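Please open the structure in your viewer and keep the selection panel at hand. The tour goes from the whole chain to single side chains.

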Amino acid sequence: FAVPQAQWKALCARIEQLIAGQSLFDSTVSTDLEQTAQRYASRLLAKQSEPVNPSSSRYAEFDVNTIELVRPRSVGIEHLAQLHAVQQLGLESLLQELGLNRHQRAAALGNIIGRMTRPGSEAATHQWLQQRSALGELIDYDFEGMCIFLLIMNTNY
């Protein structure tokens with residue numbers, strides 16, 4: 001866990017603010033802490049999301065001129081590759097049968113899908129998984145916390 005223990009209280013408070021929708025950006029916390037809080041808050045919100053009830057009368061007002069796009073990610077091609085190619089081939093279960101642990105399977109899938117969608121070097125694939133792709137959300141894995149060593153190591157199989 002990359003956040004020093006002395007900052008855990010501030011991190012938790014910031015995550016609670018984000019989940020409650022109290023503020024979009026807090027200039028009182030460091031950029032690294034803000035990015036970490038944004039990442040964990042978005043993951044928590046994704047896990048807690050409920051189907052939208054069309055009869056619900058919940059409305060919110062906001063100024064479209066002040067909205068900031070935070071952590072934009074692509075998801076279409078990743079979903080297609082993961083859903084059709086990986087699932088139809090039974091690749092994830094095959095990797096599990098070969099004895100790869102959860103982290104190794106995620107790295108292998110990240111490499112395969114990354115090369116299918118955006119061909120490049122191991123370093124480029126690692127950067128794409130961490131900064132541009134929503135594949136982590138699709139397979140429930142945090143690529144932002146993955147070191148490049150694990151990704152490169154899996155290309156040698």
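What follows is a series of stops, each with something to select and a note on what is there.

**Before selecting anything**

This is a predicted model, in which local features need a pLDDT of at least 70 and side-chain atom pairs count only at pLDDT 80 or more, while totals for chains, interfaces and linings use all residues. Residues are numbered from 1 along each chain as its sequence is written, and side-chain values use heavy atoms, with hydrogens and water left out.

**The whole chain**

Begin with the chain coloured by pLDDT, the predictor's confidence in each residue on a scale from 0 to 100. The average over the protein chain is 78, and 78% of the residues score at least 70. Confidence is highest in helix α4 (residues 91-97), at a mean of 90, and lowest in helix α8 (residues 148-153), at 59. Where pLDDT is low, the predicted coordinates should not be read in detail.

Now switch to a cartoon view, where the protein chain shows 8 helices and 0 strands; helices (H or I, at least four residues) and strands (E, at least two) are DSSP runs, numbered from the N terminus. Of the 157 residues in the chain, 31% are buried, a word that here means under 20% relative accessible area, with exposed meaning over 50% and partly exposed the range in between (1.4 Å probe, protein chains only).

**Arg 39 and its partners**

Select Arg 39, which is buried because its relative accessible area is 13%. Its side chain meets that of Asp 142 in a salt bridge of 3.6 Å, N to O, the term standing for a side-chain nitrogen of Lys or Arg within 4 Å of a carboxyl oxygen of Asp or Glu. This pair links distant parts of the chain, with Arg 39 in helix α2 and Asp 142 in the loop between α7 and α8, 103 residues apart.

Then show Tyr 40, because Arg 39 lies over the face of its ring, 5.0 Å from the ring centre; the rule asks for NZ of Lys or CZ of Arg within 6 Å of the ring centre and within 35 degrees of the ring normal.

**Another salt bridge**

Move to Arg 115, which forms a salt bridge with Glu 122, the closest N and O atoms being 3.9 Å apart. Arg 115 is partly exposed, at 32% relative accessibility, and Glu 122 is partly exposed as well, at 27%. Salt bridges with shared partners join Arg 39, Asp 142 and Glu 144 into one network.

**The loop between α7 and α8**

Which residue here has a positive phi although it is not a glycine? Select Asp 140, whose phi is about 55 degrees, and which lies in the loop between α7 (135-139) and α8. Most residues other than glycine have a negative phi.

Finish at Ala 81, which lies in helix α3 (residues 76-89) and counts as buried at 6% relative accessibility. Ala 81 and Leu 109 are 28 residues apart in sequence, and their C-alpha atoms are 10.0 Å apart in space.
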